[in-house]
Amino acid sequence: MTTDDKTVRMTYREAMRQALRDALSRDPRVFLMGEDVGRYGGCFAVSKDLLAEFGPERIRDTPLSESAFVGAGIGAALNGMRPIVEIMTVNFSLLALDQIVNNAATILYMSGGQFNVPLVIRLTTGAGRQLAAQHSHSLEGWYAHIPGIKILAPATLEDARGMLWTALEDPDPVLIFEHGGLYNMEGELAADTGAVEIDKAAIRRPGSDISLITYGGTLGKAMQAADELSQAGIDAEVVDLRTLRPLDTPTILDSVSRTHRAVIIDEGWRSGSISAEISARIMEGAFYELDLPVERVCSAEVPMPYAKHLEDAALPQSPLIAETVRRMVGAS
Amino acid sequence: MSLQADRAAPTLEREHSLHLLRQMLRIRRFEEKCAELYGATKIRGFLHLYIGEEAVAVGAIQALQPDDAIVATYREHGHALVRGISAESIMAELYGKQEGCSRGRGGSMHIFDARTRFYGGNAIVGGGLPIAVGLALGDKMQGRDRVTACFFGEGAVAEGEFHESMNLAALWKLPVLFCCENNLYAMGTALKRSESEVDLCLKATSYEIPAWPVDGMDIIECERAACRAALAVRSGEGPCFLEFRTYRFRAHSMYDPQLYRTKEEIEEWKQRDPISLFDARMRESGMLTDDDLKQLEEEVAAEINRAVEFSEAGTWEPIEDIGRFVYSERKPS
Ligand SMILES: Cc1ncc(C[n+]2csc(CCOP(=O)(O)OP(=O)(O)O)c2C)c(N)n1
C-alpha cells in the first residue's frame with residue numbers, strides 16, 4: 001500500500017493513542033488513569049503527550065495501587081463516569097483480580113440488573129522481549145473464563161484504533177489486551193477510520209485447506225506461516241478471533257466447516273485454556289466436518305524464561321505452526 | 001568480612017573503610033559494565049541500575065550475619081554482589097547463560113542464590129514483602145536467631161501488600177528488617193504525587209514498628225542505622241523499618257526518557273555521590289591515597305573482566321531442559 005491522503009502511516013501504539021485522544025475529546029465522562037500514564041508518558045509510551053492535551057484531572061497518574069485504582073474505576077463507572085484504567089501488564093493485574101472478578105464482573109448480576117459497570121481496562125500482555133516470568137504471561141484466556149466481563153485482543157492497527165470507542169459505549173466492563181510485541185508494528189490506516197464492532201471474529205486471510213485460529217500477538221505469526229505454506233501449495237485460512245469473550249463461535253464453525261481442518265494458535269498455556277475452549281466448541285458444533293483432530297500450538301507450560309533461546313522455544317513460532325499444518329494436511 | 005552485627009557504632013577505621021569503598025565501587029563498575037553490555041545487546045530484557053544508591057545496600061548488608069536472609073527487588077545487582085554472590089554468576093545470569101545464579105531463567109530482575117539465602121529478585125512491586133514476613137515467621141517458629149532483610153522502593157509503600165506485611169510482621173513480632181530505598185521516584189511518579197503522607201517512617205510507626213530515616217548517600221550512616229536496627233530485630237522485639245533517602249542517578253530502566261525530573265535535580269544529587277563523598281572523607285582522615293584507590297579500581301576492574309569472560313564462555317541451557325523445575329525433581333519419599 002502507498003500513502004496517499006486517504007491513508008496514514010502509523011504504529012499500533014499511535015493508533016491506540018489516537019483512539020484515546022478521540023475518546024477523551026468526544027466524551028467528557030471519559031478519563032484515563034493508571035501508573036505513569038501522565039508525566040512518564042505511559043510505560044509503553046501509548047499515552048505520551050496526552051497529559052499536556054487533557055490535563056491531570058483526565059490523565060490521572062496513580063500510585064502503585066492496582067487494586068485500589070481498578071476498584072476506583074469500577075466506582076466511578078457506577079457513578080456516571082467512563083473510566084479507562086490502564087494496568088501496565090497483565091501480571092500486575094493480578095493484584096487487582098479481586099476487583100475485576102469479584103466486583104466488575106458480578107455487580108450487575110448480583111444487583112439484579114440495577115447497577116452496570118461501564119469500565120474499560122487496558123493491559124499489556126504477552127512475551128517476546130525477554131522480560132521473564134513476572135512480566136510476560138498471556139492471561140487473557142484465563143480472564144475469558146469469567147462471565148460478566150468482555151475480553152478484546154486487538155491484533156491490527158484498525159482494531160487498535162477502533163475497539164476502544166466501542167468498548168466505552170458498551171454498558172459492561174471490557175478488558176482490552178494489547179500484546180507488547182505489537183506496539184511498534186507499523187502500517188497504513190484509513191484516515192477516516194473509526195469505531196469497529198467488537199463481537200465478530202475476522203477472516204484475515206481466506207483459504208480452503210485449513211483454519212488457523214488465533215488472536216493478538218500470534219496473528220502475525222499465523223499469517224507468516226500461511227504465507228510460507230502458500231508457497232508449498234497449502235491454502236490456509238487465518239481467523240482472528242478479536243474477542244475472546246464472548247467468542248464468535250459461528251465464524252469459527254463456519255471456517256472449519258469449509259476447510260475441515262483446524263489448528264489453534266495461542267500464546268497462553270494449553271491446559272484449561274481458551275484454545276481448549278475453542279477446540280471443544282469445534283467438537284460440539286462441527287465434529288462431523290473435521291477430517292482429522294484439531295491441533296494446538298501453544299506456549300510451553302513453564303513460567304516464561306529469560307534467556308532468548310528458551311523464550312523463543314517456549315512461544316508458538318511460525319515454523320512450528322507451518323510444520324504442524326504440513327503434517328496435518330499431509331496426513332489427510 | 002562483614003561487621004559483627006552486635007557492633008552498633010562502627011568506627012571509621014582504615015581496613016573496614018576500604019572494604020566499604022570497595023563494595024560500593026564493585027557495584028558501580030559492575031553496573032557501568034552492564035549498561036555497556038546492554039548497548040552491545042549481550043544483556044536484554046529490563047535492566048534497572050542501582051547507580052547512586054550503592055551506600056544503601058553496602059551499609060545495610062554489613063548488619064547481616066551469614067545465615068540471615070535477603071529479599072530484594074528487580075534493582076538488586078548491588079545487593080547480590082555485596083551479599084557474596086559472585087560477579088561471575090550474576091553477570092552470567094544477565095547474559096542468560098546456564099552458569100548464571102538462576103540458570104539464565106531469571107535475568108537481571110530475578111537473581112536467586114540459596115547459598116547466601118538470597119530469595120530474589122522480585123519484579124512485582126511490593127511482592128517481596130509478604131515473602132520476607134514468611135521467611136521471618138519460619139525462623140521464629142523454628143527458634144532460629146536470624147533476620148530477614150527486605151529491600152523495596154518507596155513506590156511499594158502505596159501497595160496493599162506493604163501495609164498488610166507491616167501489620168503482620170508487627171502483630172507477630174517477626175524478625176524482619178524493612179529497608180525502604182526512597183529514591184523519590186517510582187518510575188516517573190514522584191513520591192509527593194503518589195502519597196498523601198510522604199513521611200514514610202510515620203507509616204511504619206502507625207503499625208508500632210520502630211522506624212528511622214537514614215541519609216542513604218552516607219555509607220557510614222547507612223551502616224550505623226542498619227546495625228542498630230538489626231540488633232533490635234535480633235533481640236526478638238519484632239521488625240524495624242529504615243527509610244534510606246537516596247537517589248538513582250540513571251534512568252528507571254533502559255527505556256526511560258526521564259521527562260519527570262530535571263537535569264539540575266540529577267546534578268544536584270550527584271554532588272552527594274556516595275562514593276565521592278566517602279572517598280573524600282577517607283582522604284581527609286588520611287585513610288586513602290591515590291595509590292590505594294588505583295589499586296582498588298584495578299582489583300575491581302579485574303573482577304569485572306573475569307565476570308565478563310566467564311559469561312562469554314558460558315553455555316546455553318539445552319532447550320530440552322526447558323521444563324525442568326516447573327515442579328521439584330525430588331519426589332516425596
Ligand atoms: C505491581 C506492579 N506494578 C507495577 C510495576 C511496574 N513497575 C516496575 S518498577 C516500578 C516503580 C517502582 O518504584 P519504587 O518502588 O520506588 O522502586 P525503584 O524502581 O525506584 O527502585 C513500577 C511502577 C510492577 N513491577 N509491579
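Modeller: Here we go through the ligand site, the chain contacts and a few local details.

Modeller: Some ground rules: this is a predicted model, where local features need pLDDT of at least 70, side-chain atom pairs count only at pLDDT 80 or more, and totals for chains, interfaces and linings use all residues. Residues are numbered from 1 along each chain as its sequence is written, chains are lettered from A and ligands numbered from 1 in the order in which they are written, and side-chain values use heavy atoms, with hydrogens and water left out.

Biologist: What makes the ligand site shared between chains?

Modeller: A residue is near the ligand if one of its heavy atoms lies within 4 Å of it. By that rule 22 residues surround the ligand, and the closest are A:Glu66, B:Tyr74, B:Arg75, B:Ala123 and B:Asn183. They come from chains A and B, so the site is shared.

Biologist: What classes of residue make up the shell around the ligand?

Modeller: The shell has 12 nonpolar, 5 polar and 5 charged residues. Here Ala, Val, Leu, Ile, Met, Phe, Trp, Tyr, Cys and Pro are nonpolar, Asp, Glu, Lys and Arg are charged, and the others, Gly among them, are polar.

Biologist: How many residues of chain A and chain B are in contact?

Modeller: With contact meaning heavy atoms within 4.5 Å, 30 residues of chain A meet 40 of chain B. The two chains bury about 2,900 Å² between them, 66% of it on carbon and sulfur atoms; buried area is the accessible area (1.4 Å probe) that two parts lose on being put together, summed over both. A:Tyr40, A:Leu64 and A:Tyr306 supply 27% of the area that chain A buries against chain B, more than any other three residues.

Biologist: How many salt bridges are there between chain A and chain B?

Modeller: The count is 0, though 10 residue pairs are in polar contact (both at pLDDT 80 or more).

Biologist: And what makes A:Arg258 and A:Glu237 a salt bridge?

Modeller: The rule asks for a side-chain nitrogen of Lys or Arg within 4 Å of a carboxyl oxygen of Asp or Glu. In this pair the closest N and O atoms are 2.8 Å apart, and A:Arg258 and A:Glu237 form a salt bridge. A:Arg258 lies in helix H10 and A:Glu237 in strand E11 (residues 236-240) of chain A, so the pair ties together parts 21 residues apart in sequence. Helices (H or I, at least four residues) and strands (E, at least two) are DSSP runs, numbered from the N terminus.

Conventions: Polar contact = N/O pair within 3.5 Å; in protein donor to acceptor, adjacent residues only side chain to side chain.
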